[in-house]
Amino acid sequence: MANTYRSSGLDFSDGKLVGPIATIAQHPDLANNKTLTSQPSHLQRNKTERRRLQGLQRTLTNTSVTRVAPEERGWRQKLDVWMINEGGKQLFFGTWIFLHLLVAVFGFMHYQLKDNAETARGLFGITFPIARTAALVLHVDVIFILLPVCRNFVSMLRRTPLNDIIPFDKNITLHKATGWSIVVGSAVHTLAHMVNFTRFAIASFQTTGDRIKGFLAANFLTGPGATGWIMWVALGIMVFFAMEKRRRAHFERFWYSHHLFIVFFINWQLHGMFCMIQPDRPPFLEIRSRHRTHIHKVIQHPSNVMELQIKKEKTTTRAGEYIFLSCPEISYFQWHPFTLTSAPEEDFISVHIRVCGDFTRALAKSLGCDFEKKDKNAPAGGKVIEATGNLQKPLPRVMVDGPFGSASEDFLKYETVMLVGAGIGVTPFASILKHIWYRMNNLTNATKPTRLSKVYFTWVIKDFGAAEWFHSLLHAIEEEDTQNRIEINIYLTAKLKEDEVNNIIVQDVGAEKDAITSLRAPTHFGRPNWNRVFSTLVDKHPDTDIGVFFCGPSVLSKELHRMSNKYSQPKGTRFFYGKENF
């Protein structure tokens with residue numbers, strides 16, 4: 001019997017609309033069952049396969065889809081939806097804009113109100129703080145401009161949790177936005193200085209011709225003017241070929257012209273070095289390492305410690321600061337940090353350097369120190385190797401950059417401070433203790449009052465002779481401290497021999513001073529019990545802000561940090577912890 005439902009020779013159905021054929025025939029997307037027979041078979045099969053394999057692309061009919069009215073979203077739901085794709089990107093860009101506005105506002109207030117620029121404001125007027133503010137904002141843009149195009153670095157960051165916060169995929173967009181910000185900032189900076197140059201020419205010259213010459217000379221014959229216009233040429237070429245249509249039409253021109261960023265950054269570095277508009281008071285430049293310095297005295301102390309006393313022009317220091325030191329004779333590119341041990345009241349800056357590395361050994365040798373020879377007759381204050389007026393040979397040149405502030409610099413902010421030094425880490429507190437000593441003896445010119453009334457100095461040391469240069473300072477402070485404002489606690493952690501212990505006991509009986517340190521304060525043996533120390537401070541100084549300053553190994557630093565948090569009370573005694581970091 002012939003199968004009336006078989007559509008072609010390739011149709012192997014038995015003619016009954018059952019199974020898959022019946023399902024297809026009854027599919028809601030088909031207008032009626034005649035579709036199977038009214039179209040060629042190859043079209044039917046292709047259409048069926050499309051419906052089976054591409055279900056998302058089917059025609060949505062009333063019979064196959066139930067339409068549900070969308071619910072009205074509240075602000076929280078809208079925010080959640082916005083955060084899925086747009087929120088993170090727009091928040092980051094908003095933060096970028098806010099940072100620029102913040103720098104602009106505070107920069108303008110700074111240059112408009114600072115007492116070291118009254119001459120410039122009087123001559124140039126409002127355009128002086130405008131020019132300086134624009135330059136400050138440009139410094140922020142220079143930070144951002146290269147980061148987005150560091151592709152390997154960006155790819156690495158994309159694999160970190162930061163990728164959930166920062167839209168690294170929009171790195172080129174950030175690069176473009178920063179570029180346009182540089183263009184706008186440069187335009188504001190240049191226009192403001194054009195007004196400044198005009199006012200300068202009018203104030204400096206009498207005739208119109210001389211004023212024009214002065215204006216042109218300020219633009220093209222001065223360091224800031226020449227470098228500024230070179231940067232404008234490089235920036236203009238880069239921006240011109242980076243426009244979307246030109247970049248797509250002539251990519252090679254864009255690529256090669258963008259390498260002018262090298263010219264831009266070289267002149268950027270040189271632009272501010274000439275200090276054309278000087279402040280009212282020195283220092284006039286930020287290149288402090290190039291100021292003239294000479295070594296005032298070199299002292300060789302026991303225990304491989306060398307003291308350098310340096311004269312440096314135009315330098316003002318504060319207790320607790322540090323400097324970077326370089327000796328071109330050893331290496332022009334090596335800069336090493338050292339804490340100042342001199343007080344602000346002294347007419348020199350000094351550092352105590354422990355000779356224990358390649359640089360310090362080479363520096364000690366070039367300065368004439370010889371620690372291999374043991375001099376038993378050396379004075380307690382150290383042996384003077386070289387001093388001004390008694391030079392046996394020319395001393396090498398040293399360069400000093402700084403001084404820079406550190407955590408210990410804040411000690412005057414507190415009523416009570418605890419200074420903790422471990423080993424050679426006692427050096428930052430030499431400057432602080434000297435400054436306090438000068439204040440106690442009214443030998444300082446400081447006019448700013450201080451809250452400081454009590455100092456606890458704790459020195460944890462394995463060998464008391466490891467910093468013998470510090471002994472004389474402790475003796476002087478203890479002798480002058482008649483009001484007991486400074487309490488000295490020395491903890492000796494070295495394991496003593498039996499005969500040493502017996503000798504100490506014999507000498508300590510009935511003695512007014514300690515047998516080891518010769519101080520009135522007794523020496524403690526072993527490590528400090530920090531729980532007892534901090535709990536005692538809480539009892540002695542209720543409702544007091546106590547500054548805890550430390551210099552030494554990280555293990556002890558973590559312990560002091562933990563104790564400061566443990567014994568701090570929000571409405572009682574609070575311990576503020578600070579550690580020296582270089």
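**Notes on a salt-bridge network and a second pair**

1. Let's start with Glu-244: with a relative accessible area of 34%, this residue is partly exposed (buried means under 20%, exposed over 50%, partly exposed in between, with a 1.4 Å probe and protein chains only). Keep in mind that this is a predicted model, where local features need pLDDT of at least 70 and side-chain atom pairs count only at pLDDT 80 or more, while totals for chains, interfaces and linings use all residues. Residues are numbered from 1 along each chain as its sequence is written, and side-chain values use heavy atoms, leaving out hydrogens and water.

2. Glu-244 forms a salt bridge with Lys-176, at 3.8 Å from N to O (a side-chain nitrogen of Lys or Arg within 4 Å of a carboxyl oxygen of Asp or Glu). The two sit 68 residues apart, Lys-176 in helix α8 and Glu-244 in helix α11 (helices are DSSP runs of H or I, at least four residues, and strands are runs of E, at least two, numbered from the N terminus). Lys-176 is partly exposed too, at 42%.

3. Glu-244 has another partner, Arg-248, with the closest N and O atoms 2.6 Å apart. Both belong to helix α11, four residues apart, or about one turn of the helix. Arg-248 is exposed, at 64%. Together with Arg-247, the residues Lys-176, Glu-244 and Arg-248 are linked in a salt-bridge network.

4. Now look at Asp-545 and Arg-574, whose closest N and O atoms are 3.0 Å apart in a salt bridge. Asp-545 is in strand β12 and Arg-574 in strand β13, so this pair ties together parts 29 residues apart in sequence. Asp-545 is buried at 17%, whereas Arg-574 is partly exposed at 33%.
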